[in-house]
Every structure is written in structure tokens, then in C-alpha cells.
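I opened the notebook to record what I looked up in this model, entry by entry. The sequence and the coordinates come first, and my notes follow.

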Amino acid sequence: MIGSKPKVIVIGGGISGLSSAFWLMQKGIDVQLLERDSRAGGLIRSERVDGFLLDYAANCVFNYLPEVNFLCHNTGLSSQQILRQESAKKRYLLKDGVATPVPMRLKEMITTDLWSLRGKLRALLEPFIPRASSESEETVSQFITRRFGAEVYERSIEPYIAGTLAGDADKSCLKSTFQQFAKLEAEHGSILKGVIKRKLTGVRTACAAQVFSFRNGMGAMTEGLKNYVGDSFLPNSTVEGIEREGKQWAVHSDVSGKKKIFHADAVILATPAGEAAKLVDPLSKNLSILLKGVEYSPMVVSFLGFSRKDIDHPLDGIGCLFPKKEIDFNSLGSLWTSTLFEGRSKEGTVLLTNYLGGARRPEMPGKTDEEIIALVMEDLKKVIGVKGKPVMAKVIRHRAGLPQYHLGHQMFLEKLDEHLGLIPGLHVAGNYLGGVSVRACISQGKELAEKIDSCLKKRGKRFTPKENRLKRDQASQVKST
Ligand SMILES: Cc1cc2nc3c(=O)[nH]c(=O)nc-3n(C[C@H](O)[C@H](O)[C@H](O)COP(=O)(O)OP(=O)(O)OC[C@H]3O[C@@H](n4cnc5c(N)ncnc54)[C@H](O)[C@@H]3O)c2cc1C
């Protein structure tokens, strides 16, 4: 080991790399975090424009994991947290061009206009549908259509996958996307039966579920983590190569234009999969090919600010998702950001964030800002009755927006483990592994830190700071005698 404490180099300062660093530091492991950009956060970034607060990627954390609360508490972030506003509880789905509330209670499910009577009756047959007959993996669309019928799939799940994961439900792996659904079917033979049984037996999430962000946007979270990592966070540091030197790792980097080599006991590649593929290529062609195969969907985000009086709709919800069936529309979804959290727009105005592109419309990033704004305005005029011009407009593009968990993703994870197992001390973290959400990235970081800690303990005894001082004292006594 290098020095008295083990050291891990984390490559990439998005939420995956930052949270991995946090959990490693909690274990008393030295960390060096190398980030290519001049700022921390990766995809996550918050910016104030003309009195509006824009979040480039994650807008919020939907949390039910105690580790997320632990991280916020121990980085001092809890005091900056804000919860979703009461007025943002409703969700809308577009049905024949009309924003229609998503039913949340049984009674609403019976009376909703979202599904036809035939569609509702088909969905109610779900408890009587037998389990999947074969062991083969199913896509989300196959599973939902089989259990609930085509209408529930087209009018609820397809727009959810497209609007929140930029995905295509015809390709998405059920087990990787909706693990809970697969589990409920396996355990109870039915999703509805499973949900009802859980409610009756009082099964709850590990901590109270809540939707939160921060007063200054999600960028505050990555900034808070960067501050926690302290001087060990090196911005403007592009890793160009990694190499094994005996039991150690040498990480070749360009730090603000100067070539530098860092040494460590272990390395975490917390970059997007394509970048990780390049870095591992000299070590393992097979691993590199595997990582190169991860597909990403592009996304365009449009931020429009309006005077409140220029919108007819009450905007009494989190926003509206646009099913593929609604062919006259351009967006995947519209988030009513200023309803979701306070402080996102100035007095008398509202902020609307629309998402375009994804697997459904991958050509969108090629359009100009003016074209994107015109497409979004077309949607907003029809759905929420926008009358005036925007008082603020900004468009951003994520060319590699979100990784896609296609059929075969479970096999991908198994192979990844196999190949990484052949290269001791090399690890990967990122949103292409166990979930794209911020919550999932934080949780994976914890698991990874636990794994690395136990690997390092197996490789050599870890000493407490007191034991290290004693060892140093004994060594200097030996030298002086
Ligand atoms: C439009 C959009 C909306 C979203 N909304 C939500 C939401 O509301 N809630 C939610 O939970 N999630 C949301 N997500 C998902 C979430 O934001 C992402 O999954 C998450 O931020 C990804 O973090 P990451 O650290 O895995 O990757 P990244 O953020 O991509 O970080 C990777 C980092 O690696 C660095 N890097 C790459 N190569 C090198 C190199 N060679 N050397 C050094 N550094 C390198 C990059 O500069 C980058 O900083 C959204 C995502 C998008 C795109």
C-alpha cells in the first residue's frame, strides 16, 4: 500500500464519482478525484438566467433510501434541501391532445378518462394472468402488455420510459428497468396482488419517500460533495491512461496542461461507459468492447420562462408526459418546474422545462435553438394554452444523455463483473450500471466503497491512525538504535 493509508483514484466527478469518493472517505480511505471539467457535477448543473433557476439534468431526487439522507446529512447539504411543493402532487398524461390527470387512487382509476372501459377491464384481469411461461428476459412493453393490456402500456408506461428515461420500452429490459415489477410477479404471481398484500402487511420503504432538491438547484448537491472531498478534488484533470505497476495503479493525466502520474491501490472509472472503454482498452480488449456497447440516447432540454398571466392552465402538478400515440406533438415531457419547487422563477412568472429527443426522436439535437423553441411553443400552446411569448428561453443538448438498459443488460452486468474480476483493483461506477437516478448512483457508490474496503483489507492489514503512529515510532526507534 502507498503510505499508511490505502488510496483510491476516482476518475470522473459526476454524482457517481463524487458519491463514491464520499463513501470511501467515510471508510477512512484516501481519495484523489480527477475531473476533466473545470467544475464538479458532470451532467448535473444549475444555472441562474434572468431570475430563473435552470437544472441541466437532474431536477430532483425521488428518495426512499437512508444512505441518501446520510450523505446529505454528513456533507451539510440537509440545511439546503427543499421538498416538492404540495401543489406538485398531480401528474398529467396527454390524451387526445388534452393534459389528463394520472389516477392515483382506486376510485380515480375507475373514473379516469385516460383509459377506455375496455382498457380498464383488461387491466383488472391482471391478477388472473399467469406468470411468464419461459425464463427468457422480457422487454418492458412485452411484460406490461401481457399483464395489463396494450392500452395501459401505450397510455402510461411507454410515455414514462420515453419521458423520464429517454428510452424505448420495446427495447428496455424489464428486470433492469422495473426490477420491482419482475419481483412482484415472481413472488405473488401478480403486480396488483403483490401491491395490495404489501399495503395490507404494512411493507414500507426503508425511509419515508420524498421528492427533494436544493434551494440553489441540484448543482448544490454536487458542489457540496466536491467541498466534502476538498483538495482531493482536482478539476481540469483529464485521465489519458491507466496502467498496472505490480499491485499498484499508475494513472496518467493531463492536469491543467501538465502531464502528471498519480499512484493508487485501486482505481474507479466513474466516467460514461464510452470513456471507460477507451481507458481499459490496453488492459482488456473484451472489457473495452463490452463497455463500448452501452448505448446512450441524446436529449434536448428547453427552458422557457413565461409571465404567469400568459398561461391558461393552473399548472397544478409536476408536469405532463407525451405518449408516442400523440403523433402531433414534439416533446417527450413537460416539467412544470416552478410548481415543483419554490424559487425556480421570479415573481409573477413560471418556468417550464421540456425534454425532446431520446430514443423516440434522436434527430432533435441536430435542430437549431430557434427550431426547438418553436416546436416546444407549438406543444405548449395546445396543451396548456400559452398565449404570450417567453420572457426567457434557453436550449441545451446532451448528445449522450442517458444510457439505455436494453434487453441483455443483466447479461452485460454479469460479463462486466467477470472481466473486472480479472483485473484486481479496477472498478467502474456510473449511471449505466444499476439505475440512472441520482439516488441509484449514490447507493451504488456506497456498495462499491464497501467492496473496495473489503478488497483492500484482504490485500493487507489496514491500520488505524493510532496503530500507524505506533508503527512509525517503533521504526524510528529501530533506526536510532
Ligand atoms: C436531461 C436529464 C434529466 C435528468 N433528470 C433526473 C432527475 O430528475 N432525477 C434523477 O435522479 N436523475 C435524473 N437524471 C439522471 C442523472 O442526472 C444522471 O444519471 C447522473 O447525473 C449521471 O451521473 P454520473 O456521475 O454517472 O455521470 P456524469 O454526470 O456523466 O459524470 C461523468 C464525469 O466523468 C468526467 N470524465 C469523463 N472522462 C474523463 C476523463 N478521461 N478524465 C477525467 N474525467 C472524466 C466527465 O467530465 C463527467 O464529469 C437526468 C439526466 C438527464 C440527462
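Is the crossing of α11 and α12 left-handed or right-handed? I found that α11 and α12 cross in the left-handed sense, where left-handed means that the near helix is turned anticlockwise from the far one by less than a right angle, and right-handed that it is turned clockwise.

Before going on, I note that this is a predicted model, in which local features need pLDDT of at least 70 and side-chain atom pairs count only at pLDDT 80 or more, while totals for chains, interfaces and linings use all residues. Residues are numbered from 1 along each chain as its sequence is written.

Entry on helix packing. I looked up the axes of α11 and α12, which come within 8 Å and cross at roughly 165°. That makes α11 roughly antiparallel to α12, given that angles over 145 degrees count as roughly antiparallel, under 35 as roughly parallel, 65 to 115 as roughly perpendicular and the rest as oblique. The axes are lines fitted to C-alpha atoms, for helices over the stretch in contact, and the angles run from 0 to 180 degrees between N-to-C directions.

I then followed α12 (residues 285-292) to α15 (residues 409-421), and found the two packed at an angle of about 150° with their axes 10 Å apart. That makes α12 roughly antiparallel to α15, and the crossing of α12 and α15 is left-handed.

Lys278 lies in α11, which spans residues 273-280, and I noted Lys278 as partly exposed because 16 other C-beta atoms lie within 10 Å. The cut-offs are 20 or more other C-beta atoms within 10 Å for buried, 12 or fewer for exposed and anything in between for partly exposed, with C-beta atoms placed from the backbone. From Lys278 to Phe128, 150 residues apart along the chain, the C-alpha separation is 49 Å. Asp417 sits in α15 and is exposed, with 10 other C-beta atoms within 10 Å. Asp417 and Asp30 are 387 residues apart in sequence, and their C-alpha atoms are 24 Å apart in space.

Entry on the ligand. Which residues of the surrounding shell are closest to the ligand? I found 37 residues around the ligand, the closest being Gly12, Gly14, Ser16, Gly42 and Asn431; a residue counts as near if its C-beta atom, placed from the backbone, lies within 6 Å. The shell divides into 18 nonpolar, 14 polar and five charged residues, where Ala, Val, Leu, Ile, Met, Phe, Trp, Tyr, Cys and Pro count as nonpolar, Asp, Glu, Lys and Arg as charged, and the others, Gly among them, as polar. Elements that each supply at least two residues of the shell include α1 (15-26), β11 (237-245) and α16 (438-459). Domain 1 (7-45 + 219-294 + 406-459) and domain 2 (83-88 + 297-403) both give residues to the shell, so the ligand lies between them; the domain bounds come from an automatic or database domain assignment.

Entry on loops and strands. In the loop between β10 (233-234) and β11 I found Pro235, which is partly exposed with 16 other C-beta atoms within 10 Å. The loop between β10 and β11 also holds Asn236, which has a positive phi of about 50° although it is not a glycine. Asp96, found in the loop between β7 (92-95) and β8 (98-101), likewise has a positive phi of about 50° without being a glycine, and Asp96 counts as exposed, with 8 C-beta neighbours inside 10 Å. In strand β7 I looked up Tyr92, which counts as buried with 25 C-beta neighbours inside 10 Å.

Terms used. Helices (H or I, at least four residues) and strands (E, at least two) are DSSP runs, numbered from the N terminus.
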